[in-house]
Amino acid sequence: MPSQMSAAPDPSCDVAIIGGGGMGSATAYFLSLLADRPFNITVFEPDPTYARASTALAAGGIRQQFSTPENILMSQFGYQFFEALGDTLAIDGERPDIGLTSRPYLRLAPEHGKGALRRHCDLQHSLGAGSTWLEPPELADRFPWMSIDGVSAAILGGWGEGMFDPYSLLQALRRKSQALGVTYRQTAAAALELTADGRVAAVRGADGSTVACGLVVNAAGPRAASVAAMAGIDLRVVALKGQSYAFRAEYPIADCPVILDQVQGLQLKPEGAMYVCAAPSSAPAAPADPEDFDVDLASFETDVWPLLVARVPQFATLKLMRGWAGHVEHHRLDGNPVIGPHPDHPNFYLLNGFSGHGAQHVPAAGRAMAELILYGEYRTLDLSRFGYERVIKNEPVPEGV
């Protein structure tokens with residue numbers, strides 16, 4: 001339940017951001033960059049190592065193969081930001097490096113998904129993406145090492161797709177934000193203090209501190225619903241657990257793209273001398289405890305490896321190196337984020353529910369949130385369709401990829 005306002009909390013800030021991962025740190029950075037006056041920003045983040053942060057554990061891919069125009073445009077903004085990041089986020093001449101490499105995504109569709117794939121490809125073309133349509137014979141000719149069983153068509157990406165290191169991105173944004181004057185408090189948010197008209201007056205930390213604030217941004221990732229509940233909001237964002245595995249192949253593939261196999265539900269990407277694959281998720285996936293990081297290594301052999309071999313026969317001989325678990329903040333309404341203020345709590349802003357494509361959209365989302373706070377409107381990308389109003393009206397803006 002929301003806490004009622006207590007007397008004279010101290011210290012105070014203009015903006016309190018709950019969650020110092022990718023979204024929270026990007027918001028802090030862009031607020032500091034764009035504000036026309038000194039802006040006092042406090043970020044509540046209990047773990048400065050980010051050992052279990054969703055951004056740090058993300059796959060680290062960026063693609064333009066989406067079915068929602070906003071997501072395509074956010075990826076384009078993100079890739080351009082990543083290209084210039086060494087200069088943009090440099091501190092005293094020290095340039096961060098997130099290991100950005102260009103690599104196309106390859107999305108494989110079953111027969112029942114071919115029509116949707118065609119529509120998505122046309123949309124991507126209309127927005128400047130370099131997507132290439134491939135029929136099965138073209139796919140087999142382009143990637144002779146791949147079995148095309150069950151594949152009716154594919155899209156191969158072009159410019160603006162690739163891989164990066166999300167952990168390095170996160171640390172670069174945090175360090176730059178701190179250099180611009182942002183305060184990071186090493187504690188979680190434990191409660192919100194509300195005024196009688198529903199505004200957030202202060203954030204209470206788990207360490208016993210209380211920080212008065214002008215507004216709050218919920219950037220708590222898989223824990224977003226619990227933070228929203230502090231304001232009495234039932235946010236339909238749940239944590240979904242995902243497992244990833246890294247392996248070495250005896251017969252590696254030289255030209256392997258990042259594969260989104262919608263026939264088998266498999267994701268595969270090359271990473272240095274290894275490959276990383278994500279285990280298929282059950283449908284519908286059950287909400288998970290965001291503190292559950294246990295990994296079922298045995299499921300690689302029983303559930304994942306057979307799918308790998310069915311798609312890439314060369315992977316019949318491989319060595320599993322490690323596995324890990326992470327969480328996606330999934331928005332149950334439509335798989336797209338909720339961005340902006342809550343109508344009943346006008347100074348409580350939501351930046352939640354990116355549903356598995358958050359790391360690549362960190363720059364665009366952080367800038368969008370900063371613009372909304374500073375100007376009351378979007379100026380770079382119009383993300384108004386992601387506002388909370390669609391939740392109230394139950395009008396999904398579905399993402400189909």
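In this predicted model, Asn218 touches Ile18, Ala224, Val227, Ala228, Leu235, Phe348, Tyr349, Leu350, Leu351 and Asn352, leaving aside residues up to four places away in sequence. Asn218 belongs to strand E13, which covers residues 210–218, and with a relative accessible area of 0% it is buried. A polar atom of the Asn218 side chain lies 3.2 Å from the backbone nitrogen of Ala220.

Helix H7, made up of the 14 residues 298–311, reaches 20 Å from its first C-alpha to its last, close to the 20 Å expected at 1.5 Å a residue. Even so, H7 bends by about 45° at Val304, and Pro306 follows within four residues. Buried in this helix are Ser299, Phe300, Val304, Leu308 and Arg311, and the buried residues of H7 pack against strands E6, E14, E15, E16, E17 and E18.

Turning to the aromatic rings, twelve pairs are found in the whole structure. The rings of Phe143 and Trp145 are edge-to-face, because their planes stand at 65°, with the centres 5.6 Å apart; Phe143 is buried at 4% relative accessibility, and Trp145 is buried at 12%. Phe247 and Phe315 also form an edge-to-face pair, at 5.2 Å centre to centre and 80° between the planes. This pair links distant parts of the chain, since Phe247 is in strand E14 and Phe315 in the loop between H7 and E18, 68 residues apart. Phe247 is buried at 0% relative accessibility, and Phe315 is buried with a relative accessible area of 0%. Ring pairs join Phe247 and Phe315 with Tyr245, Tyr275, Phe300 and Trp305 in a cluster.

Technical notes. Residues are numbered from 1 along each chain as its sequence is written. This is a predicted model: local features need pLDDT of at least 70, side-chain atom pairs count only at pLDDT 80 or more; totals for chains, interfaces and linings use all residues. Side-chain values use heavy atoms; hydrogens and water are left out. Helices (H or I, at least four residues) and strands (E, at least two) are DSSP runs, numbered from the N terminus. Buried means under 20% relative accessible area, exposed over 50%, partly exposed in between (1.4 Å probe, protein chains only). A polar contact is a pair of N or O atoms within 3.5 Å; within protein, one must be able to donate a hydrogen and the other to accept it, and residues adjacent in sequence count only if both atoms are side-chain atoms. Contact means heavy atoms within 4.5 Å. The expected span of a helix is 1.5 Å times one less than its number of residues. The bend at a residue is the angle between axes fitted to the seven residues ending there and the seven starting there. Rings of Phe, Tyr and Trp (its six-membered ring) pair if their centres lie within 6.5 Å; planes under 30 degrees apart count as stacked, over 60 as edge-to-face and the rest as tilted.
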